[in-house]
Amino acid sequence: MRLNTKELAVFAKTSARIDKRGYLYKRGYYNKQLRRRYFVLKGNLLFYYKDQDDDEPQGVIVLAGCCVDSGLFIPELSLHSFVIKFESSSLSTRTFELAAETDKNMFDWIQAIQYANYDVLRVVVDDLKARVEAVETQRALATSHKSTRSSAIDSVNETLKEQSASGSDKTKQSQTDGFPKSVDTSERVAPPAIPRPYHESMQKP
């Protein structure tokens, strides 16, 4: 993938996180010598500068669909080489030969570039999506369980309220039944006549 100078400057100056940076040696396309360049890895874009203080990069390697192989040790330069290449014919078939000053630095760069590869990032993103979906499913189930439990509690509370109201009505009725009923005095029966004493009935007027 080729980018013009203006596009390179824009991408290189973005605030995207820098995954790795440092000096490596790069073999030129026309000049086959290994030249020291400063590399900056942002996502799957590997920028290289002539020097660390340069504002604009000399070029960029788009790492989508690439694979990385460790190369040979270069004894005359005491460098450990590795190669970035593309297997897909739709991408640039050019290989990029780089070299690090130490064996550890070489493997660190190989690992960083492999993780920056689009295919690897896609696997990581898919894994993150699956984890997010699992969390959302658990939250939905928890919310559903909470809603069901709340409905059951509301139902129980409503039943208790009905039972309490019914018991109160029965208590009031029982208390009413305990009082004596009122007596209607409008139709009272006259008491029987009291007989006069015998000695009073025998007296003459």
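The entries below run from the whole chain down to single residues.

**Entry 1: ground rules.** I note that this is a predicted model, in which local features need pLDDT of at least 70 and side-chain atom pairs count only at pLDDT 80 or more, while totals for chains, interfaces and linings use all residues. Residues are numbered from 1 along each chain as its sequence is written, and side-chain values use heavy atoms, with hydrogens and water left out.

**Entry 2: the whole chain.** I looked up the secondary structure and found 4 helices and 7 strands, where helices (H or I, at least four residues) and strands (E, at least two) are DSSP runs numbered from the N terminus. Read from the N terminus, the order of elements is α-β-β-β-β-β-β-β-α-α-α. Of the 205 residues, 23% count as buried; buried here means under 20% relative accessible area, exposed means over 50%, and partly exposed lies in between, with a 1.4 Å probe and protein chains only. I also looked at contacts (heavy atoms within 4.5 Å): among those between residues at least 6 apart in sequence, 44% join residues at least 24 apart.

**Entry 3: the sheet.** I traced the strand order as S4-S3-S2-S1-S7-S6-S5, an open sheet of 7 strands with antiparallel pairing; two strands pair if DSSP finds at least two bridges between them. Strands S4 (59-62) and S5 (66-74) are the edges, and each has a single partner strand, so one side of each has no neighbour in the sheet. On average, neighbouring strands are turned by 35° against each other, direction ignored; the axes are lines fitted to C-alpha atoms, for helices over the stretch in contact, and angles run from 0 to 180 degrees between N-to-C directions.

I then checked the join between S1 (residues 20-27) and S7 (residues 96-100), where 2 bridges hold an antiparallel pair, and where Lys-26 stands opposite Leu-98 in S7. Helix H2 (residues 103-116) lies across S1, S2 (34-42), S3 (45-49), S5, S6 (79-86) and S7, at about 105° to S1.

**Entry 4: strand S3.** Is S3 enclosed or open? I found 5 of its 5 residues buried, so S3 is largely enclosed by the rest of the structure. Leu-45, Phe-47 and Tyr-49 are buried on one side, and Leu-46 and Tyr-48 are buried on the other. S3 joins S2 through 5 antiparallel bridges, and the hairpin of these two strands has 2 residues between them, with Gly-43 at a positive phi near 60°. S3 also pairs with S4 in the antiparallel sense over 4 bridges. Tyr-48 is the bridge partner of Phe-39 and also has Gly-59 of S4 as a partner.

**Entry 5: aromatic rings.** I counted 4 aromatic pairs, taking rings of Phe, Tyr and Trp (its six-membered ring) as paired if their centres lie within 6.5 Å, with planes under 30 degrees apart called stacked, over 60 edge-to-face and the rest tilted. Tyr-23 and Tyr-38 have ring centres 5.0 Å apart and planes at 65°, so this pair is edge-to-face. Tyr-23 is in S1 and Tyr-38 in S2, 15 residues apart. Tyr-23 is partly exposed at 24% relative accessible area, whereas Tyr-38 is buried at 6%.

Phe-39 and Tyr-48 make a tilted pair, 5.7 Å centre to centre with 40° between the planes, and both residues are buried. Together with Trp-109 they form one aromatic cluster.

Entry 6: His-80 lies in S6 and is buried, with a relative accessible area of 17%. Its side chain reaches the backbone nitrogen of Asp-103 at 3.5 Å; a polar contact is a pair of N or O atoms within 3.5 Å, where within protein one must be able to donate a hydrogen and the other to accept it, and residues adjacent in sequence count only if both atoms are side-chain atoms. Not counting residues up to four places away in sequence, His-80 touches residues including Leu-72, Leu-98 and Met-106.

Ser-81 also lies in S6 and is buried at 4%. A polar atom of the Ser-81 side chain lies 2.7 Å from the backbone oxygen of Leu-72. With the exclusion of residues up to four places away in sequence, the residues that Ser-81 touches include Ser-70, Glu-97 and Met-106.

**Entry 7: cysteines.** How many disulfides does a search of the whole structure find? I found 0, a disulfide being a pair of cysteine sulfur atoms within 2.5 Å. For Cys-66, the nearest cysteine sulfur is that of Cys-67, 6.8 Å away. Cys-66 counts as buried at 7% relative accessibility.
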